[in-house]
Amino acid sequence: CKIDYVAPADLLSDRIVLVTGAGDGIGRAAALAFARHGATVILLGRTITKLEKVYDEIEAAGGPQPAIFPLNFEGATHKDYHDMAETLDREFGRLDGVLHNAGLLGRITPFEQYNPELWDQVMQVNINGPIWMTQALLPLLQASPDASIVFTSSSVGRKGRAFWGAYAVSKFATEGFMEVLADEVEHLGTLRVNSLNPGATRTAMRVNAYPGEDPNTLRTSEEIMPTYLWLMGPDSRGRNGERFDAQPK
Ligand code: NDP
């Protein structure tokens, strides 16, 4: 956990960073924080109006001009991911970072009652989509002299908990895939792959999962950004295949 990390203002200057689920919650805060530290941010998400708002905020703050990439992991195909890689290759020629942040909670419910369509939907958005997107983007990430892939995990992706169903399973799969890919790219020395558990954070998803909780008792998305910046920037160089937390336990 690097919650006390203070990122230099130019930490991400000249870096091209893709953030999924950039329109809301933690992804929105990360896109704004990365841009504030100099990154050209590619805002990926399914609700274009939300992405446009983040785009405008970055522009208003004088950040590098971002890009919007509308994509819904539920319907996206392999061709979509490869078309995306082609577009990014044409526009930027490389990618210095990916924050896999988009996520779907599904339902907190006993497994006996879990709806199979919803289960597949959660697995699609939280793990299968991101995996195939990563495959398509690997050449661009390998074209960078120093690239970081950050997968978003959860405490239920490290220790299973009753009723968390597909969400927990998708986060365990995220940790597993992170380790496999990290081991495969270790020899490159220019690409690192890690996972990050944001911890309880004041967002719409958290309210859905814990409706009885007072959101004001939780850290905001902005408050957990130090670890995100550290993992995305050069100060985490050499760290590969590790599990991080954005908040003290
Ligand atoms: P939010 O629900 O606030 O935001 C999730 C983002 O993912 C939204 O921008 C949403 O888009 C996007 N998204 C959802 N489904 C899709 C899809 N099919 N295609 C593309 N984008 C999609 O959640 P948080 O900010 O809280 O969560 C961010 C990440 O952190 C998730 O991976 C979550 O699992 C993880 N996490 C969060 C915790 C917390 O306490 N908040 C704790 C542990 C982990 P749209 O705005 O259009 O709905």
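Modeller: Happy to; here is a close look at strand E1 and the sheet around it. This is a predicted model, where local features need pLDDT of at least 70, side-chain atom pairs count only at pLDDT 80 or more, and totals for chains, interfaces and linings use all residues. Residues are numbered from 1 along each chain as its sequence is written, and side-chain values use heavy atoms, with hydrogens and water left out.

Helices (H or I, at least four residues) and strands (E, at least two) are DSSP runs, numbered from the N terminus. The open sheet holds 7 strands in the order E3-E2-E1-E4-E5-E6-E7, with parallel pairing; two strands pair if DSSP finds at least two bridges between them.

On one side, E1 is joined to E2 by 5 bridges, and Leu-18 stands opposite Ile-42 in E2. Towards E4 there are 3 bridges, again parallel, with Val-17 opposite Gly-97.

5 of the 5 residues of E1 are buried, so the strand is largely enclosed by the rest of the structure. Buried means under 20% relative accessible area, exposed over 50%, and partly exposed in between (1.4 Å probe, protein chains only). In a regular strand the side chains alternate between the two faces of the sheet. Here Ile-16, Leu-18 and Thr-20 are buried on one side, and Val-17 and Val-19 on the other, which leaves both faces of E1 covered.
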